[in-house]
Amino acid sequence: MNKTEILCKFLDCDINIHPSALGELRQLCSSELDMNKILDITKRNGTSVITQELLDEIKNGKEKKPVIIIKRRKKAIAEEYDADIKISRSKDITSKSFTSGNINNFVNFFNHRYEVLGKVLKNRQSLTGSNLIEIVKNHFPSESSIIGIVNSKKETKRGHILIELEDPSGISNALILNKNEDLKKISTEIVTDEIIGLKGKYGKDLFIVNEIFFPDVPINREVRKSPDPVVAVLISDLHVGSTKFLDDVFLRFIKWLRMEEGNSSQRELASKVKYIVIGGDIVDGVGIYPEQKEELVIRDIHKQYSKFYEYLSMIPDYIEIIIMPGNHDATRQAEPQPAISKDFVQEYYDDPRIHMTGNPLTAELHGVRVVSYHGRSLDDIISAIPGMSYTKPAKAMLSLLKKRHLSPIYGGRVPLAPENTDYLILEELPEILHMGHVHTFDYITYRNTLVINSGTFQSQTSFQKKVNLQPTPGKIPVIDLQTLKIVKMEFI
Ligand code: D5M
Ligand code: FE
Ligand code: ZN
């Protein structure tokens, strides 16, 4: 066989020939059969270069017997697809906070809320004929509708519900009569500072309500799905550093992501994971609540974040990770919250597959729209609306979705920063609305929107015990972005 034939044959099999071995090899390869024998021996040796030593061993019949079986990890499905993430930076407060908390900031903040959500309401068929409060008061004694911000809501001595509604033209008192049981029930969901529409008629300076409208979600709205078989995992509330952080449970979650845990269909699901969204409370922080020190194993917040980075480093590198802050993280408490400060997590910022964002987050993952909000306003919603509970947070989340606002109540438990625009409005509807904070896994689907609370990796704290909050650690939602189907994975 000539040199070129030999070189081509070996190169076709991804085997190189060391120049010093070429002459000898040519002598040994007098036929195709000889050449195949040498190829087989080389492959069995687990080498990709033919050297003089190897040829000597072959001649003396001393070639190494194959002892190592190379373990080939099955390639993950998600590895086959490039990441497709669009984070809406215009909806992210990071590096854009301009408020100084003055009266103009407040006026702009609430005006923006009224303009956006007023428009959503005005687009509803029943409210197309709505008018400004002053116009309705003066010119429409018969049936009419108004849209405004709820200044207050209270029950009168006689059991009527009195609402003060304000729009740019003025203020109106609106009354839901005690005999109208159905309407009274709907009105339980009205909270202060949200934008609603009311239909009714004026009588003696009072607007008598006969229908209530929330901005809501249109029926049969168009939904977007991923063209590729990729999956997103939503988690939140890890509380690394807390004595109650469930390190073993979180490690099982990571093992599953690495396809080293679970049955075959669970491993197949893991192999499709392309995105992980972390909805805040990454660490427990320091000085977040009284006596917290007693419940910390890591008392330095920098060390809490470095510990978490060790976990992140174990996650397969083809998975993109989006990290947003919660009320325990190192950023301002007032919402909207800028991303966790670089001073605490420089290595996160340096890692190209980690994306640091503010709270809330608006993004598209493989074309699927996701809004993530830590969920602190759920505390206010659960206490303001009868029938809401910590055991079913998706119901409280649904109420926020219908209000098209993530945190409407001003002056409640959530500190709101009056930016010149209101970043907490749910202007465009996502396919996935994700929150955490209440440490309870729950989800519902409403008009093609997946409303999901991602639970926690922290077991019950002493505070939660006092208020009888039973967390559901280690249960997490996994969403197939191609079908928008949700699977609950349990690691506890
Ligand atoms: O909050 C987890 C849940 O527990 C959330 O529903 C609030 C509640 N919680 C926890 N600690 C407190 C205190 N000190 N006051 C009021 N409510 C509390 P997380 O943000 O994870 O601490
Ligand atoms: Fe939390
Ligand atoms: Zn929280």
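A residue is taken as buried when its relative accessible area is under 20%. In this predicted model, phenylalanine 245 has a relative accessibility of 10% and therefore counts as buried. Phenylalanine 250, at 1% relative accessibility, counts as buried by that cut-off, and tyrosine 311 is buried with a relative accessible area of 4%.

These residues take part in ring contacts. The structure holds 17 aromatic pairs. In one of them, the ring centres of phenylalanine 245 and phenylalanine 250 lie 6.0 Å apart with the planes at 55°, so the pair is tilted. The rings of phenylalanine 245 and tyrosine 311 have centres 5.7 Å apart and planes at 80°, so this pair is edge-to-face. The latter pair links distant parts of the chain, 66 residues apart: phenylalanine 245 is in the loop between β9 (231-235) and α8 (247-257), and tyrosine 311 is in helix α10 (residues 301-313). One aromatic cluster is formed by Phe245, Phe250, Phe253, Trp256, Phe308, Tyr311, Phe457 and Phe491. Elsewhere, the charged end of lysine 342 sits over the ring of tyrosine 349, 5.3 Å from its centre.

Asparagine 327 lies in the loop between β11 (320-323) and α11 (342-350), and histidine 374 in the loop between β14 (368-373) and α12 (377-384), so the pair ties together parts that are 47 residues apart in sequence. Both asparagine 327 and histidine 374 are buried. Aspartate 281 bridges the zinc ion (ligand 3) and the iron ion (ligand 2), with 3.1 Å between the two ions.

Note on methods: Residues are numbered from 1 along each chain as its sequence is written. Chains are lettered from A and ligands numbered from 1 in the order in which they are written. This is a predicted model: local features need pLDDT of at least 70, side-chain atom pairs count only at pLDDT 80 or more; totals for chains, interfaces and linings use all residues. Side-chain values use heavy atoms; hydrogens and water are left out. Donors are N, O and S atoms within 2.8 Å of the metal (3.2 Å for Na, K and Ca); water is not among the atoms, so sites may look incomplete. Helices (H or I, at least four residues) and strands (E, at least two) are DSSP runs, numbered from the N terminus. Buried means under 20% relative accessible area, exposed over 50%, partly exposed in between (1.4 Å probe, protein chains only). Rings of Phe, Tyr and Trp (its six-membered ring) pair if their centres lie within 6.5 Å; planes under 30 degrees apart count as stacked, over 60 as edge-to-face and the rest as tilted. A charge sits over a ring if NZ of Lys or CZ of Arg is within 6 Å of the ring centre and within 35 degrees of the ring normal.
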